[in-house]
Amino acid sequence: MEKSQGYLSSDIDGLLEASNLSKSQLLIWMGQKLNPDIPLYNMVLTFTMAGELALRPFQQAFQTLLAHSDALRTVVEEVDGIPQQRVLPPVPYDLAVLDFASEPEPLAALQRWLAPRCVLQFDLARCLFDTALIRLGPQQFVWYLNQHHLITDAWSTVLLYRHLAILYAQECGGPRLDAPRLPDFQAYIAHEQATRHTPSYQRATAYWRQQAAEAPEPIRLYGQGPATQATQTQRVRCDLGRERSQRLQALAQTKDLRSLTPELSWFTIFATLLFAYLSRLSGQRHLAIGTPSHNRASETFQATPGLFIEIHPLCLTLEENESFVSLLQKVRQQTYALLRYAQPGASSLEAHRSYNVLLNYIHVAFPAFHGLPTQVQWHHPGHGDRHHSLRLQVHDFDASGCFGLDFDFNCEVFPEAQRQPATQHFLRKKDHRKALARA
């Protein structure tokens, strides 16, 4: 079997048996091991809060959050070349408080501070998060949180944020809300390990092996082949706006386009749009994209911070005169199959290499922090998987009713002059290949 990113499937199987990492954690560890000087997996968010925030209670609340979450206290060490995760005991943590309020331009000072901080390289064996509280003025504060993907995903960050708000309210003398320790992520690790020899797991892994074996050729975006070397990416953001977002949400409620849940309906619509876009760009009709499954099948796992997501391929073939509705029905059928076979630990190296475009529909929202209106921003570290030509992230973190689209363009595949026009081509139905050839 061909070696991919420096590892074989047999390497993964052997490491998985010897280590105590989940399958998803192991794949990320391998990617970081092969790129030790690149922040491939930094998940950086800032939470800008409007109103007065008490600094000491916030610090105390984060100290308790650290004690309540084993994911935040997790480190990954190597023992004879085998990655092993270890949960550190709760220790005093002095969350840094920075004050930019006296700067002539506090927001500019914040951006200067953020630029190098977002690309901070984590020592996996010491600490897998970085955080600070920044004061921009008497009524404006920013909580900065950077986590290595080994210990988190988007839903986990929402859990930490909400739990921190409860703890902060208690520190401020508010009602003693129920804030028990968060469920331990190590329980999910044990669950995944226990399922590896079950019939359902065997069926799932067989399904994904077949999907990888039948995967189409990589998608040629504007005539460019897939990325092979560069990890450098640029994020270009565009907002759909309230009117267009509301029209999409109404569309998701129509009989022919409705799925099992509203969130699943929106996902299938965005996936259908992406497949149509990719087909027009490439001229290819047999296509595959990657998309995450969330693996939170129980109420306990839904309340547990940690890395749960695994990425699987969606493969389908477009007919020559495919309609939007018929294409969406194909997407919906493949999505239901994905949900059926998305067993914990069923992802594989072959499946990861079977696509070069990824769709990440992120259905999470961050409420006000202890009554303070909060705006959330996701900061891109400037790098991504070297085999991904394009990653499309769809989200509405502030529950504003407006979808935001983040296009992460591999800089080797997309020259700088092509990146901004490519986002507009996604929004408009036209001959994109001819248009971008002139860009």
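A residue counts as buried when its relative accessible area is under 20%, as exposed when it is over 50%, and as partly exposed in between. The structure shown is a predicted model, and this scale is applied to several of its residues below.

What does His149 touch beyond its neighbours within four places in sequence? The contacts are Ile28, Tyr41, Met43, Leu307 and Ile309. Asn42 is 107 residues away from His149 in sequence, yet the two C-alpha atoms are 6.2 Å apart in space.

Setting aside residues up to four places away in sequence, Ser347 is in contact with Lys23, Leu27, Glu310, Ile311, His312 and His352. Ser293 and Ser347 are separated by 54 residues along the chain, and their C-alpha atoms by 9.9 Å.

Helix α11 spans residues 324–341, and Val325 is part of it. Is Val325 buried, exposed or partly exposed? Its relative accessible area is 30%, so Val325 is partly exposed.

The cysteines remain. How many disulfides does a search of the whole structure find? The number is 0. A disulfide would require a pair of cysteine sulfur atoms within 2.5 Å, and two cases show how the distances compare with that limit. For Cys118, the closest cysteine sulfur belongs to Cys127 and is 16 Å away, which is too far for a bond. For Cys402, the closest cysteine sulfur is that of Cys238, at 12 Å, so this pair is also too far apart for a bond. Both Cys118 and Cys402 fall into the buried class: Cys118 has a relative accessible area of 6%, and Cys402 has a relative accessibility of 18%.

Conventions: Residues are numbered from 1 along each chain as its sequence is written. This is a predicted model: local features need pLDDT of at least 70, side-chain atom pairs count only at pLDDT 80 or more; totals for chains, interfaces and linings use all residues. Side-chain values use heavy atoms; hydrogens and water are left out. Buried means under 20% relative accessible area, exposed over 50%, partly exposed in between (1.4 Å probe, protein chains only). Helices (H or I, at least four residues) and strands (E, at least two) are DSSP runs, numbered from the N terminus. Contact means heavy atoms within 4.5 Å.
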